[in-house]
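Here is a short report for a reader new to this structure.

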Amino acid sequence: MSADAQVQDIRVLDNPERSRFEILLAGSVAGFASYRLRDGAIVFRHTEVDPRFEGHGLGSRLAAAALDNARQRNLAVVPNCPFIAAYIAEHPKYADLVQGGHTQPRGNH
Ligand SMILES: CC(C)(COP(=O)(O)OP(=O)(O)OC[C@H]1O[C@@H](n2cnc3c(N)ncnc32)[C@H](O)[C@@H]1OP(=O)(O)O)[C@@H](O)C(=O)NCCC(=O)NCCS
């Protein structure tokens with residue numbers, strides 16, 4: 001079974017009891033992004049994808065879903081996890097979520 005073959009059955013869910021977002025591949029946890037909630041912010045601590053499924057984009061799906069969820073909940077993001085930090089750096093639409101951080105100069109619009 002490859003991640004690509006299961007592309008129709010990939011879901012990301014928040015699991016607050018374990019303080020992590022989980023990416024489910026055909027119903028099984030294939031990776032997670034752990035966090036702590038602190039004063040209106042979500043602090044991402046560590047992201048891990050099962051080595052069997054690395055390199056298929058699951059980490060990116062997980063990061064995007066977790067950041068979208070943070071935005072919906074009006075949580076600022078503290079990307080202590082280097083993978084989440086790198087994902088935000090590569091996807092500037094999430095940069096405004098980062099506390100105190102503006103990676104782009106503000107334009108006139
Ligand atoms: C890091 C990890 C979660 C990525 O998961 P994945 O499903 O392989 O991610 P994707 O397939 O979506 O790859 C996304 C990109 O992240 C990059 N990447 C891999 N490890 C990275 C890291 N530690 N920091 C930043 N970027 C990383 C990949 O090179 C890839 O870049 P590309 O799209 O330009 O090729 C996974 O490799 C893993 O579990 N690694 C071991 C634990 C770890 O080092 N976690 C990160 C620190 S908390």
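By class, six nonpolar, seven polar and two charged residues make up the shell around the ligand. The model is predicted. Of the 15 residues around the ligand, Val49, Gly55, Gly57, Gly59 and Ser60 come nearest.

Which elements supply at least two residues of this shell each? They are strand S4 (41-49), helix H1 (58-72) and helix H2 (82-90). S4 gives the largest share, four residues.

Oxygen atoms of the ligand take part in the contacts below. Glu54 contributes an N or O atom of its side chain. Gly57 uses a polar backbone atom. Gly59 also uses a polar backbone atom.

| Residue | Part of the residue | Distance to a ligand oxygen atom |
|---|---|---|
| Glu54 | side chain, N or O atom | 2.8 Å |
| Gly57 | backbone, polar atom | 2.8 Å |
| Gly59 | backbone, polar atom | 2.8 Å |

How much of the ligand does the protein cover? On its own, the ligand has 860 Å² of accessible area, and the protein covers 57% of that.

**Aromatic rings**

A pair of aromatic rings is described by the distance of the centres and the angle of the planes. A search of the whole structure finds three aromatic pairs.

Take Phe21 and Tyr35. Their ring centres are 5.3 Å apart and their planes stand at 50 degrees, so the pair is tilted. The pair links distant parts of the chain. Phe21 lies in strand S2 (residues 20-25), while Tyr35 lies in strand S3 (residues 28-38). The two are 14 residues apart. Are these residues buried or exposed? Both Phe21 and Tyr35 are buried.

Tyr87 and Tyr94 form another pair. Here the ring centres are 6.0 Å apart and the planes are at 40 degrees, so this pair is tilted. Tyr87 and Tyr94 are both buried.

Which residues do ring pairs link into a cluster? The cluster consists of Phe21, Tyr35 and Phe44.

**A charge over a ring**

Where does the charged end of Arg20 sit? The charged end of Arg20 is over the ring of Phe32, 4.5 Å from the centre of that ring.

**In brief**

The ligand has oxygen atoms 2.8 Å from Glu54, from Gly57 and from Gly59. Strand S4 supplies four residues of the ligand shell. Elsewhere in this report, ring pairs connect Phe21, Tyr35 and Phe44, and the charged end of Arg20 sits over Phe32's ring.

How values were computed
Residues numbered from 1 in each chain as written. Predicted model: local features only at pLDDT ≥ 70, side-chain atom pairs only at ≥ 80, totals over all residues. Heavy atoms only, no water. Near = heavy atom within 4 Å. Polar contact = N/O pair within 3.5 Å; in protein donor to acceptor, adjacent residues only side chain to side chain. Areas by Shrake-Rupley, 256 points an atom, 1.4 Å probe, with all protein chains shown as cover. Nonpolar A, V, L, I, M, F, W, Y, C, P; charged D, E, K, R; others polar. Phe/Tyr/Trp six-rings, centres within 6.5 Å; stacked < 30°, edge-to-face > 60°. Buried < 20%, exposed > 50% of the residue type's maximum accessible area, 1.4 Å probe, protein only. Lys NZ or Arg CZ within 6 Å of the ring centre and 35° of its normal.
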